[in-house]
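Please look at the structure on the screen while I describe some of its parts.

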Amino acid sequence: MATTPTTAATAATAALTGAKARRAAALPRHVAAAGRRADSVRCSAVSPSAPTPAPPATPLRPWAPSEPRKGADILVESLERCGVSDVFAYPGGASMEIHQALTRSPTITNHLFRHEQGEAFAASGYARSSGRVGVCVATSGPGATNLVSALADALLDSVPMVAITGQVPRRMIGTDAFQETPIVEVTRSITKHNYLVLDVDHIPRVVQEAFFLASSGRPGPVLVDIPKDIQQQMAVPIWDTPMSLPGYIARLPKPPATELLEQVLRLVGESRRPVLYVGGGCAASGEELRRFVELTGIPVTTTLMGLGNFPSDDPLSLRMLGMHGTVYANYAVDKADLLLAFGVRFDDRVTGKIEAFASRSKIVHIDIDPAEIGKNKQPHVSICADVKLALQGMNAVLQGSTSKKTFDFGSWHNELDQQKKEFPLGYKTYDEEIQPQYAIQVLDELTKGEAIIATGVGQHQMWAAQYYTYKRPRQWLSSAGLGAMGFGLPAAAGAAVANPGVTVVDIDGDGSFLMNIQELAMIRIENLPVKVLVLNNQHLGMVVQWEDRFYKANRAHTYLGNPENENEIYPDFVTIAKGFNIPAVRVTKKSDVRAAIKKMLETPGPYLLDVIVPHQEHVLPMIPSGGAFKDMILDGDGRTVY
């Protein structure tokens, strides 16, 4: 779904003079056999095409380029050659050699999270906020299985990640050895590709391929599993071994044909009510997208993954569509006669009842992944290509036209502006009770919409999507496809590592925050400017909302506080944060919110603000699962009996 920062054609021809591979990888899912030559490409589609020179010998690395070193050191040097400067790694018995090698690296810093799931979500936050490949390292067995949720999350959201796991020695594989898990098999369906390295000589090629696979085409996670005896084996690395991915490279989409782009523009010219439906696939195309909108005047709505790819404060922005999207965004899609779907996958939380979604529209679908074309909704025109190249091509046609075609969608704009006036986002207030939407609005105002925002999953996630202003790509970090609670804090920490000096705010719910609360240790030790804004309603808020709406408010294990004393706030996040030596404050009155958020933002380093909000509040608008625009719910909350 996501676009590549460089074109497939450029990637496939970035030359690296190489010799034949010394041997073939000997495992399932490994690539082509020994001796087969392939076009050689640099290890990452987002890194320079010129090879990185070998680092000079140092006291920690006394060997000359032609002298043997451990497989673990070859691995770390391979990461350096792929431009890696930060890794997120937690040590264990099967990965100790990798950690020892990391201590010898002059350029790579390890950021020690306190749980493998935390480190993997941090690698995701790093990648989402920077566009660079995020790297995490874990030991075998439980260390490796703790990466599973983050790998599934990265696959669904098209996040470029490389996960490296230690494995038991080769002779012990398949014997149920201590901390042995067949992680290649476990992750087969939730990674873009994975490897089990059985030959130390394959490490440079495998790492290069892993980074290229992760960052080219539709990005995704790649896992590299390395037995401990391979890490310990001495070898002289062969750095110019070419990649062997002829089938994959051949299938990478080509630049879009000009005649197809002209056909799309003809449809735009014939339409009266066009809408741009923009997803996470446009994360690398923000500038081109804004220019296309300037040239055409087409209103834009984004998916949850697409937030920030078009500025949400632009007059032509309809903000988010879908289950909890704005009325006017969903209205526009329902009434449109042309839907331009760029870098999207017609997810069920966007479409609802698929037959009723954009039922009046001709649909143009541009996506880099051929599997997404026609998977859920059949388009009238489809282009399998990098969205960035497609937008560049259409912009060039529009700007180069001698007749300079102008589009007049004024009446459509007026119709949508009227919808914005009639159905703005809004919420009720109750004296000094803190509405969660209000807290996010204050945060937006005080940060001027410039902070990087990470979230957990639930009601707070939707309110953060609705009420914060996203002005640029990679500003919004959230587990969209998988919906993994516990994502917010570690992802915020990873984003802070990738963007030094930038304020990062984790807008979290008490349920999500508690799932990876141990990572307060990491942000304190590294003194990262991560601000945690907990919207604490003592419940699993989104599940409670569904209980209110569809289960007669019957509470089925959704209360997270202390049943013996429901008047106390439990657990006490302020006390817990102070145990990590992180300043923390709790607010319970609306009149205190602004000053509290201002203090949070002004305090150097990490900070936790526990905002007590009512559990009766509902995320609105809401289209029930499987519903259509006509089924949209606009009012009500947990104070009402349904």
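This is a predicted model: local features need pLDDT of at least 70, side-chain atom pairs count only at pLDDT 80 or more; totals for chains, interfaces and linings use all residues.

Let us begin with the pair. Two packed helices are described by the angle between their axes and the distance between the axes. Here, helix 11, residues 258–270, packs against helix 15, residues 387–400, at an angle of about 70°, and their axes are 10 Å apart. Since angles of 65 to 115 degrees count as roughly perpendicular, helix 11 is therefore roughly perpendicular to helix 15. Their crossing is right-handed. Which residues of the two helices meet? From helix 11 come Thr258, Leu261, Glu262, Val264 and Leu265; from helix 15 come Ala390, Gly393, Met394, Val397 and Leu398. The residues of this contact comprise 7 nonpolar, 2 polar and 1 charged.

I turn now to the cores. The largest nonpolar core has 53 residues, of which Phe88, Cys136, Phe513, Ile523, Leu528 and Val530 touch the most other members. Helix 19, residues 488–498, gives the most to this core, namely 8 residues. Leaving aside residues up to four places away in sequence, Phe88 touches, among others, Phe113, Tyr126, Cys136 and Val497.

Finally, is helix 2, residues 71–81, mostly covered or mostly uncovered? Helix 2 is mostly covered, with 11 of its 11 residues buried; the charged residues Asp73, Glu77, Glu80 and Arg81 are among them. After helix 2 comes glycine 83, whose phi is positive, near 85°.

How values were computed:
Residues are numbered from 1 along each chain as its sequence is written. Side-chain values use heavy atoms; hydrogens and water are left out. Axes are lines fitted to C-alpha atoms, for helices over the stretch in contact, and angles run from 0 to 180 degrees between N-to-C directions. Helices (H or I, at least four residues) and strands (E, at least two) are DSSP runs, numbered from the N terminus. Angles under 35 degrees count as roughly parallel, over 145 as roughly antiparallel, 65 to 115 as roughly perpendicular and the rest as oblique. A crossing is left-handed if the near helix is turned anticlockwise from the far one by less than a right angle, and right-handed if clockwise. Contact means heavy atoms within 4.5 Å. A nonpolar core is a set of buried Ala, Val, Leu, Ile, Met, Phe, Trp, Tyr and Cys residues joined through side-chain atoms within 4.5 Å. Buried means under 20% relative accessible area, exposed over 50%, partly exposed in between (1.4 Å probe, protein chains only).
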